[in-house]
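Please consult the sequence and the structure shown below while reading.

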Amino acid sequence: MKILSIQSAVAYGHVGNSAAVFPLQRIGVDVLPVNTVNFSNHTGYGAWRGPLIDPSDVADVITGIEERGAFPQIDAILSGYQGGEGIGDVIIDAVARVKAANPKALYACDPVMGNAKSGCFVAPAIPELLRERVVPVADIITPNQFELGFLTGTEPDTLESTLASVDAARAMGPSTVLVTSVERPDREEGTIEMLAADDAGAWIVQTPYLPMKANGSGDVTAALFTAHYVETGSAQIALERTASSVFDLLQLTLDAGARELLLIEAQESYAHPKLQFAARQVR
């Protein structure tokens, strides 16, 4: 399997491609990483160094990959945080060109906009760009519950309202939706859930809630879910594998008291997920 991953990169820590590439490689995926920034560290530290890469330079790298004849072998395109409008255009164009070369290729978009605790933290133009132009060309999207509501103009909270919001998102274009950080008022105390839906149905998986903030965990989640879905065609299997791997990664990081994900140390959880959490079909 080959995945073209167009995301940010950092030298210190693990977000964007610096979070997605190694777990994908560890499960046997050939990743073609195209970086949109080259920062010293993620911006959550409040200080960082390094350049935003000009969208024309990102496009040049993608064109170079195309010139090597790689596009027909690409099974999926993956994108995450989009720092500006220009990079959205580059990604949309790349998706069209890869799909022209391989009509079976899937585009997985993680529509990063914010979260329930901190609200929307991207540039004002990004939500509209995602809603109007990017999500409609995606096959898979992986929003958190807050982003799902933002994208669809809804307020998902219960299982029923979250499923309704997923239906609204699927009506925008993507056939498969993974919703992370699902927090229902009636869930068991001390738990958190993820929900995945496609043409075959909808499944929810519940894990213990871990009291931590982990930059990059969403990037790992989107990457693993995409790869498992491309491989199996099953939202249920992809959901169970991803939940198992990401939970063990987060538990290891929490137990160590680490600020950054222990991405390398947790590698066995990607290669051999324990499948300790069963997904329940809800539709």
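Helix 5 and helix 6 are oblique to each other, an angle being classed as roughly parallel under 35 degrees, roughly antiparallel over 145, roughly perpendicular from 65 to 115, and oblique for the rest. The model is a predicted one, in which local features need pLDDT of at least 70 and side-chain atom pairs count only at pLDDT 80 or more, while totals for chains, interfaces and linings use all residues. Residues are numbered from 1 along each chain as its sequence is written, and side-chain values use heavy atoms, with hydrogens and water left out. Helices (H or I, at least four residues) and strands (E, at least two) are DSSP runs, numbered from the N terminus.

Two packed helices are described by the angle between their axes and the distance between the axes. For helix 5 (residues 145-152) and helix 6 (residues 159-171), the axes cross at roughly 55 degrees and come within 9 Å. Axes here are lines fitted to C-alpha atoms, for helices over the stretch in contact, and angles run from 0 to 180 degrees between N-to-C directions. The crossing of helix 5 and helix 6 is left-handed; a crossing is left-handed if the near helix is turned anticlockwise from the far one by less than a right angle, and right-handed if clockwise. Helix 5 contributes Gln145, Leu148 and Thr152 to the contact, and helix 6 contributes Thr162, Ser165, Val166, Ala168 and Ala169, where contact means heavy atoms within 4.5 Å. The residues of this contact between helix 5 and helix 6 comprise four nonpolar, four polar and no charged. In this classification, Ala, Val, Leu, Ile, Met, Phe, Trp, Tyr, Cys and Pro count as nonpolar, Asp, Glu, Lys and Arg as charged, and the others, Gly among them, as polar.

## Packing of helix 1 and helix 7

The axes of helix 1 (residues 17-26) and helix 7 (residues 217-232) cross at roughly 35 degrees and come within 8 Å. The crossing of helix 1 with helix 7 is right-handed. On the side of helix 1, the contact is made by Ala19, Ala20, Pro23 and Leu24; on the side of helix 7, by Asp219, Val220, Ala223, Leu224 and Ala227. By class, this contact of helix 1 with helix 7 has eight nonpolar residues, no polar residues and one charged residue.

## Salt bridges

The structure holds 13 salt bridges, each defined as a side-chain nitrogen of Lys or Arg within 4 Å of a carboxyl oxygen of Asp or Glu. One of them joins Glu193 and Arg184, whose closest N and O atoms are 2.8 Å apart. Glu193 is buried, at 3% relative accessible area, and Arg184 is likewise buried, at 9%. Buried means under 20% relative accessible area, exposed over 50%, and partly exposed in between (1.4 Å probe, protein chains only).

Salt bridges that share partners also join Glu66, Asp93 and Arg97 into one network. Within it, the side chains of Arg97 and Asp93 meet at 2.6 Å, N to O. Both Arg97 and Asp93 lie in helix 3 (residues 85-101), four residues apart, or about one turn of the helix. Arg97 is partly exposed at 21% relative accessibility, and Asp93 is partly exposed at 36%.

## Arg187 and its surroundings

Arg187 is placed in the loop between strand 8 (176-182) and strand 9 (191-198). Its side chain meets that of Glu183 in a salt bridge (3.3 Å, N to O). Arg187 counts as partly exposed at 25% relative accessibility, and Glu183 as partly exposed at 30%. Not counting residues up to four places away in sequence, Arg187 touches Ile192, Glu193 and Gln206. The C-alpha atoms of Arg187 and Asp248 are separated by 21 Å, and these residues are 61 residues apart along the chain.

## Two buried strand residues

Thr207 lies in strand 10 (residues 201-208) and is buried, with a relative accessible area of 12%. Excluding residues up to four places away in sequence, Thr207 touches Gly190, Thr191, Ile192, Ala243, Phe247 and Phe277.

Ser79 is found in strand 3 (residues 76-79) and is buried at 1% relative accessibility. Leaving aside neighbours within four places in sequence, Ser79 is in contact with Ile6, Gln7, Ile91, Tyr107, Ala108, Cys109 and Asp110.
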